[in-house]
Amino acid sequence: PADPDTTNLPELPDGWVWTTLQMIADVRSGVTKGRDLSKFKTIAVPYLRVANVQVGYLDLREVKQIPIKEDELEGYRLQVNDVLYTEGGDRDKLGRGTVWKGEIDPCIHQNHIFCARLYLPDVNPEWVSMTGQLEYARNYVDSVASQSVNLASINSTNLKAMPVPLPPIQEQVRIMERIRRMGQQIEIAE
């Protein structure tokens, strides 16, 4: 994959690099609803919809099931530390996401949710998810999104090209720990 165009991106600290989501993860789409599976042996499995994937967390109060071919489960099955992104909806909700922690097993995702499965253990999935919510990423998603009458969407090609700032793994972990502590302090103050 090509390096990201860094022309309009912030300068990074020493030791950090700009990369793209495609350079650090296998980005895949999920199962399409409404397929004719009448000629196949199927199983029903829980699946994530756009409503389930929020910014930084999953809303699992209502998880529906979908029929799939028996042999499709492993291809669609979510794995712990997969980074999830929404593909469509209101413009401000495009690309929102979080990290899958294995809350339901098995579980798959609908085609309106992208799953980024990181290639290397020295990339923190929470870091990748969090950077997708930063201003530069929100601006990127907004600039490449397509708009129909009521809905906006981002395609996999554009999501794969999304720039990701990448510090060394120790720094990723340290920053995410500090963010977690700050979040806990805010909760206590409330």
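User: What should I know about the model before reading local features?

Analyst: This is a predicted model: local features need pLDDT of at least 70, side-chain atom pairs count only at pLDDT 80 or more, and totals for chains, interfaces and linings use all residues. Residues are numbered from 1 along each chain as its sequence is written, and side-chain values use heavy atoms, with hydrogens and water left out.

User: What is the average pLDDT of the chain?

Analyst: pLDDT is the predictor's confidence in each residue, from 0 to 100. The chain averages 91. At least 70 is reached by 97% of the residues.

User: Which elements have the lowest and highest mean pLDDT?

Analyst: Elements are DSSP runs numbered from the N terminus: helices (H or I, at least four residues) and strands (E, at least two). Strand 6 (residues 88–89) is lowest at 76. Strand 8 (residues 108–109) is highest at 98.

User: How do I read the sheet with the order 4-3-8?

Analyst: Strands of a sheet pair through backbone hydrogen bonds, either parallel or antiparallel. Here, two strands pair if DSSP finds at least two bridges between them. The order 4-3-8 describes an open sheet of three strands with mixed pairing. Strand 4 (64–69) and strand 8 are the edges, each pairing on one side only. Strand 3 (residues 42–48) pairs with strand 4 in the antiparallel sense, over six bridges.

User: How many aromatic pairs does the structure hold?

Analyst: A pair of aromatic rings is described by the distance of the centres and the angle of the planes. Rings of Phe, Tyr and Trp (its six-membered ring) pair if their centres lie within 6.5 Å; planes under 30 degrees apart count as stacked, over 60 as edge-to-face and the rest as tilted. The structure holds two such pairs. Trp 16 and Trp 127 are edge-to-face, at 5.6 Å centre to centre and 80 degrees between the planes. They sit 111 residues apart, Trp 16 in the segment before strand 1 (17–20) and Trp 127 in helix 3 (residues 125–131).

User: Are Trp 16 and Trp 127 buried or exposed?

Analyst: Buried means under 20% relative accessible area, exposed over 50%, partly exposed in between (1.4 Å probe, protein chains only). Both Trp 16 and Trp 127 are buried.
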